[in-house]
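Please keep the sequence and the 3D view open while reading. The points below are numbered so that each can be checked in turn.

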Amino acid sequence: MKVKFFNADDYSYSDRVFKMLFYQISHSEMIIRSPKCDDVNESNIDIYLGDVIYQELPCRMDGLSFRKPTPEDIAYLHIKTNLSVSADNVIVLISSNKEYFVIASVIDIAENRMDIMELPLHIFLHESNCD
């Protein structure tokens, strides 16, 4: 789905650890994964981001939630990137009371049972998700 239609309040994962699993520069695509853990979590949670033009994320995030960007966030990102930034393309991720930013056009959050390093290749065909 396009970022502008993403409802940040619908997603909160306080008890999960997320790590950047994959970033493909040539296609500007990224996957952040909370891996399954057989004794606790039976499924991975994958956050797919497409058309990424900027990201500032740590390698590990303990707990994760989202919020809509504020005008101050947009001003910060404009200064940081020297790009014309729209709230329709900004995702604010919150982990351990710290905020991180991604500028992208597409976001998808899905659960799966793949192996830890297996990539959900079908998600890279995101054109149908952009409407």
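Predicted model: local features only at pLDDT ≥ 70, side-chain atom pairs only at ≥ 80, totals over all residues.

1. Ile31 stands opposite Tyr48 in strand E3. E2 and E3 pair in the antiparallel sense, with 5 bridges between them.

2. On the E1 side, E2 is joined to E1 by 5 bridges, and these two strands run antiparallel. Met20 is the residue that stands opposite Ile32 in E2.

3. Is E2 enclosed or open to the outside? 6 of the 6 residues of E2 are buried, so the strand is largely enclosed by the rest of the structure. Both of its faces are covered: one side carries Glu29, Ile31 and Arg33, the other Met30, Ile32 and Ser34, and all of these are buried.

4. The hairpin of E1 and E2 has 4 residues between the strands, and in it Ser28 takes a positive phi near 55°. Ser28 is a residue other than glycine, and its place is the loop between E1 and E2. With a relative accessible area of 19%, Ser28 is buried, because the cut-off for that word is under 20%.

5. Asp51 also has a positive phi, of about 60°, although it is not a glycine. Asp51 lies in the loop between E3 and strand E4 (54-56). Its relative accessibility is 38%, so Asp51 counts as partly exposed.

6. What lies at the centre of the contacts in the largest nonpolar core? That core has 22 residues, and those with the most contacts inside it are Ile32, Ile47, Leu49, Phe66, Ile91 and Val102. Among the elements that give it two or more residues are strand E1 (12-24), strand E2 (29-34), strand E3 (44-50) and strand E5 (60-67). A second, separate core of 8 residues includes Leu77, Val90, Phe101 and Ile103. In soluble globular proteins, nonpolar side chains tend to be buried together.

7. Leaving out residues up to four places away in sequence, Leu49 touches Ser28, Glu29, Met30, Ile32, Ile91, Val102, Val106 and Ile107.

8. Ile74 lies in helix H1 (residues 71-81) and is buried, at a relative accessible area of 16%. Apart from neighbours within four places in sequence, Ile74 is in contact with Pro69, Val85, Ser86, Ala87 and Val90. Of these, Val85 is 11 residues from Ile74 in sequence and 6.2 Å from it in space, C-alpha to C-alpha.

9. A search of the whole structure finds 5 salt bridges. One of them is between the side chains of Arg33 and Asp46, at 2.6 Å from N to O. Arg33 belongs to strand E2 and Asp46 to strand E3, so the pair ties together parts that are 13 residues apart in sequence.

10. Asp73 and Arg67 meet through their side chains in a salt bridge of 2.7 Å, N to O. Asp73 is buried, with a relative accessible area of 7%. Arg67 forms a further salt bridge with Glu99, where the closest N and O atoms are 2.7 Å apart. Arg67 lies in strand E5 and Glu99 in strand E7, so this pair ties together parts that are 32 residues apart in sequence. Glu99 counts as partly exposed, at 37% relative accessibility. Through shared partners, these salt bridges join Arg67, Asp73 and Glu99 into one network.

Definitions and conventions. Residues numbered from 1 in each chain as written. Heavy atoms only, no water. Core = buried A, V, L, I, M, F, W, Y, C linked by side-chain atoms within 4.5 Å. Buried < 20%, exposed > 50% of the residue type's maximum accessible area, 1.4 Å probe, protein only. Contact = heavy atoms within 4.5 Å. Pairing = 2+ DSSP bridges. Salt bridge = Lys/Arg side-chain N within 4 Å of Asp/Glu carboxyl O.
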